[in-house]
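Morning, everyone. Please look at the structure on the screen while I talk.

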Amino acid sequence: MLSMMSRGFLSSLLSIVVFAGTPFAETSDKPLVLAPFYTEAEFDPPPPGSYALPMLGYASDGAILNTLGRSESLHEHFGDGKVVLLSFIFSTCTDINGCPLATAVMYRIQQKLKDDPAIGERFRMISLSFDPAYDTPEVMALYGSDFSQQGDWRFLTTASWDDLQPILDSYGQSVIQDIDENGKPLPSFSHILRVFLIDPDKRIRNIYSVSFLNPDLILNDARTVLMADEPGTDRQAGLQKVSTLSKPGDYKEGYESDDYRTRSHAVELRTGQKADLLTFIENPPLGLPAVPQPENNPATPAKLELGRKLFFDRRLSLNDTFSCAMCHVPEQGFTNNELAMAVGFEGRSVRRNSSTIYNTAYFTRLFHDGREESLEQQVWGPFLAPNEMANPSVGAVISKIRRMPDYAGLFEAAFDGRGVSMETVGMALAVYQRALVSGNSPFDRWHYGGEQAALSESAKRGFEIFTGKANCSSCHTVGKGYALFTDDRLHNTGMGYRESMGIKPEKQRVLLAPGVYVEVDRETIESVGLPRPPDLGLYEITQNPHDRWKYRTPTLRNVALTAPYMHNGSLSTLRDVVEFYNNGGVPNELLDPRVRPLELSDEEIDDLVVFMRSLTGDNVDTIVADAFAAPVGDITIDDPNWAHEATAYD
Amino acid sequence: MRSETLKKWRRTVLAIGLASSAAMAAMVTPAFADETCMSPYMAKIVGQEDFVYVWTLGIEGVGDGQDKLVTVDVNPKSKNYGQVIHALSVGGRNEAHHSGLTDDRRYLWAGGLDTNKLWIFDVHTDPAKPRLKKVVTDFVAKSGGVVGPHTTYALPGRMMITGLSNNKDHGGRTALVEYTNEGEYVATYWMPTDENLQGAVKSGKYADGYGYDVRVLPRRNMMVTSSFTGWSNYMMDFGKMLQDKEAMKRFGNTVVIWDLHQRKPKKVLDVPGAPLEIRCAWQPTNNWCLTTTALTSKVWLIYEDDAGEWQAKDVADIGDPSKVPLPVAFSIAQDDSGFLLNTFMDGKVRYFDLSDPHKPVQKYEKVIGKQVNMISGSWDWKRQYFTSSLLANWDKKGGDGEQFFRAYDWDGEKLTKRFEIDFIEAKLGRAHQMRFGAYALYAKHRPAQQPEGSALASAE
């Protein structure tokens with residue numbers, strides 16, 4: 001039996017509920033902060049179907065009592081082709097921003113549904129008490145009597161705390177009975193107001209708190225859920241592809257000027273198309289010789305596929321953040337246009353610029369200092385370097401790959417039953433990299449193919465300078481039947497010498513935003529930077545003093561795609577590079593005699609740059625598209641030895 | 001007659017509301033607000049906080065070298081006042097950065113910008129001793145390639161997480177990622193780019209797709225995001241980066257206005273120079289937020305104009321922009337009257353008066369340390385806490401690289417230091433982001449008296 005006081009209180013509460021949501025009269029009083037519902041929404045809810053409501057989880061079941069005291073499951077009240085709005089309340093709640101608010105909003109919805117029977121027939125509201133001690137079925141029947149007669153609004157409770165608690169836990173409803181300063185229980189509860197929108201398949205589609213309890217918004221959410229066609233097509237509206245693939249997605253040309261404008265690509269649209277790269281090994285593009293392959297590692301589709309998977313697998317680093325492709329980014333010429341010098345594990349500094357991988361198939365000296373001789377062996381350098389992928393040992397990498405379920409059987413299939421080993425990992429990666437041969441550039445079609453129109457007159461003049469006055473081809477070689485644009489040897493241009501011996505200016509000009517520069521004191525820079533590690537080039541490999549500051553001649557194929565330039569990435573543009581050589585490099589006792597002042601005019605420099613821009617192969621987009629189609633390996637819950645649960649830390 | 005009824009009803013509402021507040025143990029109310037920098041969807045501590053949780057980066061060679069959640073007792077009535085009472089190491093160095101509480105304030109989500117993990121700490125079972133509930137390790141795979149989980153921001157029943165980078169090029173293009181409170185992935189919302197503006201208006205010259213912080217004004221159905229830089233830069237040695245011409249082109253220059261409910265970008269605003277933290281006004285008629293640009297050292301006002309259009313304009317310089325003071329975290333007063341702002345390079349905090357948000361005026365400044373990054377203020381703004389670390393490889397080197405937690409009182413005019421903890425001496429690491437805890441939030445777990453506890457001299 002309800003006491004008269006309780007009846008009176010309920011009556012008062014219901015009167016509040018009925019009037020709640022009506023706009024306040026103007027007043028000078030400063031009220032406590034109220035939910036937006038009481039003061040009317042300040043915005044029009046987005047139209048139904050103009051957005052998605054992804055699933056937030058399944059709505060749990062539980063044992064409840066209806067207003068007749070009959071035991072039922074909560075799920076019996078879900079489904080029926082209806083969207084359900086579920087609110088947790090207790091009838092004695094007095095927090096104006098709590099249960100009365102939820103009930104008031106639901107009452108308003110009930111009134112609105114009368115004007116829209118189409119949605120009304122597919123909408124149900126449930127108020128479930130979290131006070132089983134006081135809110136008996138009888139109390140809930142009284143609480144909801146005025147409402148349940150006007151539409152599909154059900155008032156439920158539970159038989160005990162034991163029945164209620166699992167429901168509260170599953171809906172993330174933290175309910176705490178308040179206590180006074182002496183620890184005695186008070187009749188009130190602290191709880192976070194949450195109201196749940198549940199679709200006919202018992203999936204939670206939205207959760208509302210005080211700030212979101214807007215009747216129109218909730219009804220539009222319900223309409224959105226019920227709309228047969230999800231708004232997938234809307235997302236594609238206005239989508240425009242703006243460029244070819246082989247360009248940085250984050251375009252920064254002209255950033256030095258205030259006129260700079262973004263031309264950014266969307267990461268989420270970076271999708272590709274798998275290509276048969278083996279054809280490039282079997283039939284190299286015009287301008288390139290036959291691709292050398294080790295006798296013990298001929299290319300096969302299975303090896304190439306496996307090598308590609310390894311190349312893009314970020315799990316192959318100590319902390320699962322670094323793949324080969326993080327420094328050799330496909331659309332950035334398989335180098336990194338965004339950094340002068342690479343950054344590795346935990347942000348550790350790498351001394352040199354990332355080299356391109358295009359056409360490495362032809363080189364016998366790898367890395368800027370030429371310390372490796374084959375792609376098969378080279379891969380282990382970055383794997384084990386503490387400032388690159390930082391793996392602790394060969395065994396650690398092999399063991400890790402063996403335990404990744406998505407590699408199961410792949411090595412055995414590619415290597416005639418041989419499993420994961422130091423050798424097979426190197427072989428697979430080498431085959432993929434060996435396939436990245438790129439030629440048939442405008443220059444090739446002109447020079448080797450006889451297409452006179454393939455090259456501009458400026459580029460043709462540039463080639464004359466390249467092989468003549470400037471004699472670039474003495475190191476960047478051009479043969480009769482093909483051109484690698486490198487002699488595969490190492491030279492001292494003075495760039496390394498300057499880094500080691502040069503005196504830095506007291507102030508550094510730093511670009512802060514498009515067109516915004518400041519001069520920063522050297523002292524300031526050094527306060528936040530570690531000293532740069534020494535770099536002596538080939539000397540570090542041979543220990544021969546004559547080899548100080550010698551670095552490998554890079555190929556110029558695809559050079560337009562591989563900025564910034566030089567072993568330390570210190571030159572941003574091809575014009576900067578030509579000007580560096582035009583000035584004779586940096587004089588030092590070991591300077592290569594071929595590096596000397598060239599006395600090129602501005603026009604000749606322009607022609608040289610135009611010529612170098614003509615060296616971009618016609619298959620780079622094919623190769624990049626193939627790379628985009630490769631899976632990027634990131635940690636999933638299927639991977640071993642990763643703590644997804646707290647037990648590992650307890 | 002109707003007017004009388006309304007007034008009568010309104011008086012009833014106010015009376016009930018006030019009575020309710022009084023009954024709610026005085027310190028805690030489920031309401032819109034929190035300590036002034038957090039999501040409006042959670043319970044707030046309006047009185048004295050008991051704890052500050054400091055998300056701390058491990059330093060190789062200092063203690064166990066691991067990232068950890070450090071609990072500092074900050075209640076002056078506690079016997080352990082001013083001491084570290086707990087430290088929970090999580091394994092590895094992950095570029096521990098920001099953290100945020102769920103709407104029910106029972107869990108603290110903390111992100112690692114390097115390894116992309118999210119640690120979900122239970123802070124309600126024993127607020128003095130957080131425990132690890134779950135580790136999300138597959139954030140990148142689930143989100144479709146988002147790297148660098150930064151802000152973990154409470155929405156009803158879920159968390160909105162801003163990314164800083166991506167797994168394709170480690171650059172700045174990124175997305176927002178939504179999770180349930182239980183740690184289940186919900187959806188990814190990519191930042192608008194020129195190629196895919198997603199219906200947004202590119203109002204100026206830039207649509208870079210970068211991300212950093214997120215805040216919302218629910219009554220205006222508005223969500224706002226800022227833009228920093230990608231993994232390659234935030235993980236790089238700061239001095240090296242300043243000298244890298246290419247890297248310095250990779251900073252965000254945009255603030256994006258979103259339709260909060262639709263989760264769709266509406267307008268891209270030009271805010272050049274890496275706009276970082278966002279703080280929105282608390283007062284119900286103030287339709288504006290603030291951000292500061294780290295590189296160009298300006299305060300920017302993001303505001304709704306008379307026509308209902310969201311705009312951005314720079315409204316004040318911070319120190320001498322030519323010296324790149326690097327403004328970082330700031331804390332806004334809950335009455336929107338002013339804000340306290342840290343600048344990393346000179347180690348200062350500055351107070352700006354906001355009587356006119358279109359013209360903030362600096363009124364006070366004080367050196368907090370040789371470097372300073374985060375600031376957290378109590379709801380009444382009487383207590384302000386500071387920590388030192390910005391990013392592992394951006395922090396100052398050598399003797400200037402001090403690491404601390406410092407507690408101050410703020411009387412509206414000046415700061416007075418109460419205590420400090422040297423995080424190097426205590427073998428803890430780089431002190432970064434702070435969140436508050438209080439027994440009063442979890443009534444049933446409140447001990448009969450303040451805990452004796454045992455202060456930690458070093459990490460466990």
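**A helix, a crossing and a sheet**

Nine of the twelve residues of helix 6 of chain A are buried, so this helix is largely enclosed by the rest of the structure. Keep in mind that this is a predicted model.

Which residues of helix 6 of chain A are buried? They are A:Pro215, A:Leu217, A:Ile218, A:Leu219, A:Asn220, A:Asp221, A:Ala222, A:Thr224 and A:Val225. And what do these buried residues pack against? Their partners in chain A include helix 2 (99–113), strand 4 (83–89) and strand 5 (123–129). Now the length. Helix 6 of chain A covers residues 215–226 and reaches 17 Å from its first C-alpha to its last. That is close to the 16 Å expected at 1.5 Å a residue.

Next, a crossing. Helix 16 (residues 457–467) and helix 21 (residues 602–613), both of chain A, pack with their axes 7 Å apart. The angle is about 100°, so helix 16 of chain A and helix 21 of chain A are roughly perpendicular to each other. Helix 16 brings A:Phe463 and A:Phe466 to the contact, among others, and helix 21 brings residues including A:Leu608 and A:Phe611. By class, the contact has seven nonpolar, two polar and three charged residues.

Over to chain B. Here four strands form an open sheet in the order 6-7-8-9, with antiparallel pairing. Strand 6 (96–101) and strand 9 (131–136) are the edges, each pairing on one side only. On average, neighbouring strands are turned by 25° against each other, direction ignored. Strand 6 of chain B is joined to strand 7 (residues 107–112) by four bridges. One to find on screen: B:Ser99 has B:Ala110 of strand 7 as its bridge partner.

Methods:
Residues numbered from 1 in each chain as written. Chains lettered and ligands numbered in written order. Predicted model: local features only at pLDDT ≥ 70, side-chain atom pairs only at ≥ 80, totals over all residues. Axes fitted to C-alpha atoms, helices over the stretch in contact; angles between N-to-C directions. Helix = DSSP H or I, 4+ residues; strand = E, 2+ residues; numbered from the N terminus. Parallel < 35°, antiparallel > 145°, perpendicular 65-115°, else oblique. Contact = placed C-beta atoms within 7 Å. Nonpolar A, V, L, I, M, F, W, Y, C, P; charged D, E, K, R; others polar. Pairing = 2+ DSSP bridges. Expected span 1.5 Å × (residues − 1). Buried ≥ 20, exposed ≤ 12 C-beta atoms within 10 Å, placed from the backbone.
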